[in-house]
Amino acid sequence: MRKRKVLFFLGIFILLAVSSPNYVHAASMDSKATYAPANMANDPWQGGTITFDNTANVKGSDITYNPILSQTVDFEMVWQLPTVRDANAWLNALSSQSNLKLGDQTIQLSKDDLVVKDNQLVYTMSTKKFDLLALLKWLANILLGSSDVKIQAHLVFDVGTLSTNASDSAFTKLLTTSKLPPTQDKNLPIHSEFFNRTGDLELQQDTSFATWNTYISPWNEEQANSALNGKEDDTQDGGQTEVTGIDRVLNGDTYKDRLVELPITQTINPTDYMRTVNLFTKEAILGDSSGISAVSPPQVTDSFSNDASGAPQLERKTIYSFKGQDSDGTALSPVPITFTQNTALKFALDQTEVSTTGAVTLTGELQTEGKNNQIYYQLEDGEPQKLATFDQSEKELKLTLPELPVGTHSVTLEAENEYGLKQQQTVRVNILEPELNLDAVTSSFDFGENFIPEPGGKLYNQEPFSIQVTDTFPSLRNWTLSAMIDSPLQTETGEQLPADLYINDSSNQPVEITSNLTPLYQNQQVNQGSIEPIDFKSGEGIYLQMNSSNVKTGQQYQGNIKFVLQTGP
């Protein structure tokens, strides 16, 4: 016991031997509040932390007394934080990075170390977390006048934990969730107070830091009023509208996912959709005057698919990100707007197989919104070759393939436009040797049973008569269809009918048919197939003209007519 007493009094002697009677003290307080977003490049107001540094410089006697027998440390720090959130919300958002520094000791401040009183955060000095012996030594030096007391509070608040803003009427408080709380004057004030050990208010100070009140909300009057891209404003609570006097918005659930569908041929002008809205006044600024711009280049995604008929189709999605500053130069949170443009291409041929002796002409349909439409053809495994170009949509196509050799070919045709849409069609092409034939002639004329005719009388053929010629040459082929009497009309006993035979020619003029070849039809066109039949109706175009009445009654007259197809001039 004696040994302990000696050490105790020795300690007292040392403490009492040091003094500084000439020390001058002036109490002061310094405060600083800052906001750091989670990612400044992504959003200047999203997430992150609010940091408040509060330093009080006071005399040692302001917070402690009686260092020898009963050492105590008493003081209180009070913070009135921005009223856009109540004190309980701020306490709940207190980060584990918060601390208090007293002397050369720093302790972590937790939510349990602070209390809420009168909607303020209050810290009352407690030695629970401090090294008591070290603290007593430090305080002894303070009381003997060696220095002031510096108390440093470092409060950090997690923005993502703060509740939403009451001024935000958007569904689910989307505008302000996990963002720095906005205010109408774009200012967040903090009031700090320091109470000494006797409970007197010794120091107080006001500081503030900046926030926002305006956001980007894409809009376009024409599109918002359209049935395709607009709707009644359903994005607010309580029947409110996002902007005073404007009851239509673009499609999309919220201002952050506005969606506009445009024709693929329409150029997207993002300036037409620029708008900022003041959260508190509900006033809007449009276009270039809004202070925002579109980030270029936009994000473009093309998705290709096929419809039920197999036709290729494209869905193009273009996303612009709007960013910028409001009229006061305050940075705005970026907001995207999405444009969709859909288009399709339909290419079809009327033929799946073609047989010809000459040029191959295919017909079909092309439906496209493209202005640069290319048609390619490919023979078997050969390389694709350009066949035709169309600068606009063509509903009906007429395509002629280059000359092909005799034989059977598989030809693939492909239509393609500037949007990357492609569709193929395959046709079987048979190139035949050309031919010229007299295919068919009606087997007989029948002039009927008649009374003895008068000279000059006409007896017409009583049955339809037809001649069919096939000309498959790909170019003009000169040929003539002629007729001649091979054997005259006569009875079984050889008595000839006193009459001349007439057949109308290609100009519908009667031509007398004799025992010599008489031209009836001369070709003057490219046919590339069976020409139209040379037809004669009953009682027209073929007749006998009587030269006398010297005929045998009760007798039948028969003869042969030869038709000849000749080539050449």
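**Entry 1: Asp302 and the ground rules**

I started at Asp302, which is partly exposed, with a relative accessible area of 34%. My scale is this: buried is under 20% relative accessible area, exposed is over 50%, and partly exposed is in between, with a 1.4 Å probe and protein chains only. The model is predicted, so I kept local features to pLDDT of at least 70 and side-chain atom pairs to pLDDT 80 or more, while totals for chains, interfaces and linings use all residues. Residue numbers run from 1 along each chain as its sequence is written, and side-chain values use heavy atoms, with hydrogens and water left out.

**Entry 2: salt bridges**

I next looked at charge pairs. Side chains of opposite charge can pair when their charged atoms come close. My criterion for a salt bridge was a side-chain nitrogen of Lys or Arg within 4 Å of a carboxyl oxygen of Asp or Glu. How many salt bridges does the whole structure hold? The search returned ten.

I took Asp302 again. Its side chain meets that of Arg316 in a salt bridge, at 2.8 Å from N to O. This pair links distant parts of the chain, with Asp302 in strand S20 (residues 299-306) and Arg316 in strand S21, 14 residues apart. For strand and helix labels I used DSSP runs numbered from the N terminus: helices are H or I with at least four residues, strands are E with at least two.

Next I looked up Lys186. It forms a salt bridge with Asp326, and the closest N and O atoms are 2.9 Å apart. Lys186 sits in the loop between strand S10 (149-158) and strand S11 (187-195), and Asp326 in the loop between strand S21 (312-325) and strand S22 (331-349), so the pair ties together parts 140 residues apart in sequence. Are the two partners buried or exposed? Lys186 is buried at 12% relative accessible area. Asp326 also counts as buried, at 10%.

Glu242 and Arg275 came next. Their side chains meet in a salt bridge at 3.3 Å, N to O. Glu242 is in the loop between strand S14 (230-232) and strand S15 (248-250), and Arg275 is in strand S17 (residues 275-278), so this pair ties together parts 33 residues apart in sequence. Both Glu242 and Arg275 are buried.

**Entry 3: chain totals**

I stepped back to the whole chain. The protein chain has four helices and 40 strands. Buried residues make up 41% of its 569 residues. I counted a contact as heavy atoms within 4.5 Å. Of the contacts with a separation of 6 or more, 68% involve residues 24 or more positions apart. The chain exposes about 30400 Å², and carbon and sulfur atoms supply 47% of that. I computed the areas by the Shrake-Rupley method with a 1.4 Å probe; for residues, only the protein chains shown count as cover.

I treated two strands as paired if DSSP finds at least two bridges between them. Five strands form an open sheet in the order S23-S29-S28-S25-S26, with mixed pairing. Strand S23 (353-356) and strand S26 (385-390) are the edges, each with a single partner strand, so one side of each has no neighbour in the sheet. From one strand to the next, the twist averages 25°. Axes here are lines fitted to C-alpha atoms, for helices over the stretch in contact, and angles run from 0 to 180 degrees between N-to-C directions.

Strand S28 (residues 407-416) and strand S29 (residues 422-431) run antiparallel and are joined by ten bridges. Thr408 stands opposite Asn430 in S29.

**Entry 4: Trp79 and the cores**

Strand S5 (residues 76-80) has four bridges to strand S9 (residues 120-124), running antiparallel. S5 also has five bridges to S11, again antiparallel. Which residues are the bridge partners of Trp79? In S9 the partner is Leu121, and in S11 it is Ser192.

I then searched for nonpolar cores, meaning sets of buried Ala, Val, Leu, Ile, Met, Phe, Trp, Tyr and Cys residues joined through side-chain atoms within 4.5 Å. The largest has 63 residues, and Phe75, Trp79 and Phe194 have the most contacts inside it. S10 gives the largest share of this core, five residues. A second, separate core has 27 residues, among them Ala483, Phe536, Val551 and Tyr557.

**Entry 5: Thr518**

Thr518 is buried at 10% relative accessibility. Beyond four places in sequence, Thr518 touches Leu481, Ser482, Ala483, Val511, Glu512 and Ile513.
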